[in-house]
Amino acid sequence: MDGDNLSLFVASYDDADQASDDFRALKGAREDGLEVVGAVVMTRSPEGDVDVKETGGGEAAGGATLGAMGGLVVGLFAPPLLLSTAVGAGIGAGIGELVKRHEEKELGVELDEYLPPGSSAIVAVVDDTYLDRVDKAVSKATKKVSKAIDSGDYDKIKKAVLSSSAKIDDAIES
């Protein structure tokens, strides 16, 4: 799937269990034909540390072990977060321009608004045709937002994540 008609969808939760419940519902909707490029469940501790708990494939992802699609989703949500993970250790300058654009509020969404300390969020990249079905699947969210993804941003982050897979593997294993 290319980045021409994609949207970033973020659902915020005060309770991590509700985020996990809705993530299971989203995975169930995928089995019924909903097309999701990638999705992650993220938590942010009261101290502000971000952790990716689950990724779109359903496998547990401890810490920064995101895999390519998880890295892509995190990068589109908040590029500075991608750089702060082990995945980011292999990407570096490849998304520096996107980090700057995010800081200027032209890319992604505001981290403190949609993943404030002590909360959880589901972040998904979906074909915009399915936004209504994603919205239904994440019924327990306290706040939701969707934002069209610029295909150039999608392509840059995807290229940076995929072309850095060896460096990413090394960073995760160290």
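What percentage of the 174 residues of the protein chain count as buried? The figure is 48%, where buried means under 20% relative accessible area, exposed means over 50%, and partly exposed lies in between, with a 1.4 Å probe and protein chains only.

Colleagues, what we have here is a predicted model, in which local features need pLDDT of at least 70, side-chain atom pairs count only at pLDDT 80 or more, and totals for chains, interfaces and linings use all residues. Residues are numbered from 1 along each chain as its sequence is written, and side-chain values use heavy atoms, with hydrogens and water left out.

I begin with confidence. pLDDT is the predictor's confidence in each residue, on a scale from 0 to 100. Its mean over the protein chain is 75, and 64% of the residues reach 70 or more. Strand β1, residues 6-13, has the highest confidence with a mean of 92, while helix α4, residues 86-89, has the lowest with 50. Over residues 57-65 the pLDDT is below 50, although this stretch has 16 contacts in the model beyond near neighbours in sequence; a contact means heavy atoms within 4.5 Å. Where pLDDT is low, the predicted coordinates should not be read in detail.

Next, the overall fold. The protein chain contains 9 helices and 5 strands, taken as DSSP runs numbered from the N terminus, helices being H or I with at least four residues and strands E with at least two. Starting at the N terminus, the order of elements is β-α-β-β-α-α-α-α-α-β-α-β-α-α. Among contacts in the protein chain with a separation of 6 or more, 76% join residues 24 or more positions apart. The protein chain exposes about 8,000 Å², with 47% supplied by carbon and sulfur atoms; accessible areas come from the Shrake-Rupley method with a 1.4 Å probe, and for residues only the protein chains shown count as cover.

The 5 strands form an open antiparallel sheet in the order β3-β2-β4-β1-β5, two strands being paired if DSSP finds at least two bridges between them. At the edges are β3 (50-55) and β5 (143-148), each of which pairs on one side only. From one strand to the next, the twist averages 20°. Within the sheet, β1 pairs with β4, residues 119-127, in the antiparallel sense over 8 bridges. Phenylalanine 9 stands opposite alanine 124 of β4.

Which side chains, then, form salt bridges? The structure holds 5 of them, each defined as a side-chain nitrogen of Lys or Arg within 4 Å of a carboxyl oxygen of Asp or Glu. In one, the closest N and O atoms of aspartate 21 and lysine 140 are 3.0 Å apart. Aspartate 21 lies in helix α1 (residues 16-31) and lysine 140 in the loop between α7 (131-137) and β5, so the pair ties together parts that are 119 residues apart in sequence. Aspartate 21 is partly exposed at 29% relative accessible area, as is lysine 140 at 37%. Asp21 and Lys140 also belong to a network of salt bridges with Arg24.

Another salt bridge joins aspartate 112 to arginine 44, with closest N and O atoms 2.7 Å apart. Because aspartate 112 sits in helix α6 (residues 111-114) and arginine 44 in strand β2 (residues 36-44), this pair connects parts 68 residues apart in sequence. Aspartate 112 is partly exposed at 45%, whereas arginine 44 is buried at 12%.

Finally, lysine 144 and aspartate 135 meet in a salt bridge at 3.0 Å, N to O. Lysine 144 is partly exposed at 30%, and aspartate 135 is partly exposed at 33%.

Notes. Axes fitted to C-alpha atoms, helices over the stretch in contact; angles between N-to-C directions.
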